[in-house]
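Have the structure open while you read.

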Amino acid sequence: MACSALLASAALAQPALQDAPLDLAAALQRAVQSNPRIGSARADVSARLGDARQAGLWDNPSLEAEMEDFGGDRGGIGDGDLTVAVRQTVPLGGDRRRAREAAEAWAGVETAQLNAEIASLLGDAATAFVDARAAQETARVRAELQDLAETAASAIRQRVEAGRSSPIDLDRADILAATAGIEAASALTEARRAGLALAAIWGGAPAGEVAPPSVLVNNPELSALTPEAMMRRNPDLAVAQQTSRARSEEIARERAEAIPDLTVGAGIRRYGSDNETAYLAMVEMPIPVIDRNQGRIAAAAARETGARLDEEALRRQLLARHAAAYRRWSDAQQRHAALSESVLPAAQNAFSRASLAYREGALQLLDLLDVQRTYFDTRIQAIEARAELARAAIELDVLFGAPRLKQLAGIAGAEANP
């Protein structure tokens, strides 16, 4: 088993040794905590909230000072007329409030996009984790098969040299050993690639051994996998719904903009010639006879219509995606159950009986190798079936907002929706 141990250790060799295998929860936490996409999305939310605060503020009051009728024949500055006034623009149509609500609605869009980004990232990380685990398991099985094939070829070579077996048997054994070696090397390369792909999600060093993602194979509650439940929880649809709401708020904002603002002012005037003072009051308001903001209102209404249509189109796409994902999960579940409960135990029993028959002299070594290869191929099929079931479960979970993955990653609702 020296060759098997060498290949297995090479498949798991990493720059830094770890005491325990990397589990799925730790991988998901690394992905969320260090991925720049999530940090960028959180910054976008903060920016939108800042826009909302700014949009709701009134204009600053203005201070006006004017000196007139001084100099020339009237004498110095003291003979001039001085006016000091303060002006303030008052939004009559509530456009500042509407602007703030529209900006807050767009902040809601960014928050929904952040939630969708987290769900997508968790799905990518979990899928990469499953791929890495399956690749490592496959590499181990391939290495074990190569070791057994090489041992059998060596035994047949000794029998041929002793004249107890045909050289044809040795040729067949060498072919089986060479094929097993090629497949073992390919599986080792795939395990290394899958490990690098997983580490690339958090931008760190590749993990060592990957633990089984058994929690993903556990069947979710079937009553919770309905299309209606998916529509209520899908993060992409939440983005579309929030976008439609923001577009509606933009219509209200543009309609409020059509109502002109009122500018009021008050001040005092000093007449330099006779040293008298008087108070001032002023009111200014544009007359909306030409510009009633009709163009922007029409544009906002068209954008709102487009957002509603995009939302409806997404609903139909999600129904198709849900049906395909549910069927994939159901098929993967049936295949995994058949392999793990029936096919793999039968192949293992056949291998055990063939090994006993060979030891008793009732079976040729090459026949034993054929049974052995069937058993190992079945083990690899079971590994892939378990991985496919986990991938299908991940796809369904992401469609529903990734609640299981978020729970594993320790992400609460408030954290996903700041």
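A residue is called buried when its relative accessible area is under 20%, exposed when that area is over 50%, and partly exposed in between, using a 1.4 Å probe and protein chains only. The model is predicted, so local features need pLDDT of at least 70 and side-chain atom pairs count only at pLDDT 80 or more, while totals for chains, interfaces and linings use all residues. Residues are numbered from 1 along each chain as its sequence is written, and side-chain values use heavy atoms, with hydrogens and water left out.

**Positive phi angles**

- Most residues other than glycine have a negative phi.
- Ala402 is not a glycine, yet its phi is positive, at about 60°.
- Ala402 is buried, with a relative accessible area of 0%, and sits in the loop between α10 (365-399) and α11 (403-409).
- Asn293 also has a positive phi of about 60° without being a glycine.
- Asn293 is buried too, with a relative accessible area of 11%.
- Helices (H or I, at least four residues) and strands (E, at least two) are DSSP runs, numbered from the N terminus; Asn293 falls in the loop between strand β4 (276-284) and helix α9 (294-359).

**Backbone elements around the loops**
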